[in-house]
Amino acid sequence: MKVADIRIGLIIRSGPFQGRSARDQLDVALAAASLGFELELFFTDEGILQLLADRDAQAGGLPGGHKGWKALPGLTSVTAWAAERVLSSHVDASTKFMLEVKPASQSQMACRLADCEHCLVV
């Protein structure tokens, strides 16, 4: 199996600027992408705030994420998922994200995660 054929699932739980872990999540995603792994990103809880552009985040009184998230699609195939309940509780319909985010139920996300060869909770 080639590296390009390996899909890694990353579960991203913490919001931006919550200690070092928020930056670590981006670092792991960028490292995997630069090595050519396909990425499935699963944003849970406040993790979805990582994808808010700073301007949109500030308008809503929220911390914005690091702009490095925008670089991922240029490095590899990336699919970003967020639980529907998380989207409805943290953002509104006009919110713009740095990556295209697909809403999914918890069971849909679990099925997608099961299809990944490797999974990390970061």
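Student: Which residues does Thr 79 touch, not counting residues up to four places away in sequence?

Tutor: Thr 79 touches Leu 39, Glu 40, Leu 41 and Lys 102, where contact means heavy atoms within 4.5 Å. This is a predicted model, in which local features need pLDDT of at least 70 and side-chain atom pairs count only at pLDDT 80 or more, while totals for chains, interfaces and linings use all residues. Residues are numbered from 1 along each chain as its sequence is written, and side-chain values use heavy atoms, with hydrogens and water left out.

Student: Where is Thr 79 found? And is Thr 79 buried or exposed?

Tutor: Thr 79 is in strand 3, residues 78-83. Helices (H or I, at least four residues) and strands (E, at least two) are DSSP runs, numbered from the N terminus. Thr 79 has 17% relative accessibility and counts as buried. Buried means under 20% relative accessible area, exposed over 50%, and partly exposed in between, with a 1.4 Å probe and protein chains only.

Student: Glu 40 was on that contact list. What does Glu 40 form a salt bridge with?

Tutor: With Arg 7, where the closest N and O atoms are 3.9 Å apart. That pair links distant parts of the chain, with Glu 40 in strand 2 and Arg 7 in strand 1 (residues 7-12), 33 residues apart. Arg 112 also forms a salt bridge with Glu 40, and there the closest N and O atoms are 2.4 Å apart. Arg 112 lies in helix 5 (residues 106-114) and Glu 40 in strand 2, so this pair ties together parts 72 residues apart in sequence. A salt bridge here is a side-chain nitrogen of Lys or Arg within 4 Å of a carboxyl oxygen of Asp or Glu.

Student: How accessible are Glu 40, Arg 7 and Arg 112?

Tutor: Glu 40 is buried, with a relative accessible area of 2%. Arg 7 is partly exposed at 22%, and Arg 112 is partly exposed at 28%.

Student: How many salt bridges are there in the whole structure?

Tutor: The search finds 4. One of them pairs Asp 45 with Arg 85, the closest N and O atoms being 3.7 Å apart. Asp 45 is partly exposed at 38% relative accessibility, and Arg 85 is partly exposed at 44%. Separately, salt bridges that share partners join Arg 7, Glu 38, Glu 40 and Arg 112 into one network.

Student: Back to Arg 7. What lies 2.6 Å from its backbone nitrogen?

Tutor: A polar atom of the side chain of Glu 117. A polar contact is a pair of N or O atoms within 3.5 Å; within protein, one must be able to donate a hydrogen and the other to accept it, and residues adjacent in sequence count only if both atoms are side-chain atoms. Glu 117 lies in the loop between helix 5 and strand 5 (118-121) and is partly exposed, with a relative accessible area of 38%. Glu 117 and Gly 9 are 108 residues apart in sequence, but 7.8 Å apart in space, C-alpha to C-alpha.

Student: Changing topic. How many aromatic pairs are there?

Tutor: There is 1 in the whole structure. The ring centres of Phe 43 and Trp 69 are 5.7 Å apart and the planes are at 70°, so the pair is edge-to-face. Rings of Phe, Tyr and Trp (its six-membered ring) pair if their centres lie within 6.5 Å; planes under 30 degrees apart count as stacked, over 60 as edge-to-face and the rest as tilted.

Student: Are Phe 43 and Trp 69 buried or exposed?

Tutor: Phe 43 is buried at 0% relative accessibility, and Trp 69 is buried with a relative accessible area of 0%.

Student: How many disulfides?

Tutor: The count is 0, a disulfide being a pair of cysteine sulfur atoms within 2.5 Å. The sulfur of Cys 116 has its closest cysteine sulfur in Cys 119, 5.0 Å away, which is too far for a bond. Cys 116 is buried at 9%, whereas Cys 111 is exposed at 52%.

Student: And the chain overall, how many helices and strands?

Tutor: The protein chain has 5 helices and 5 strands. Of its 122 residues, 40% count as buried.
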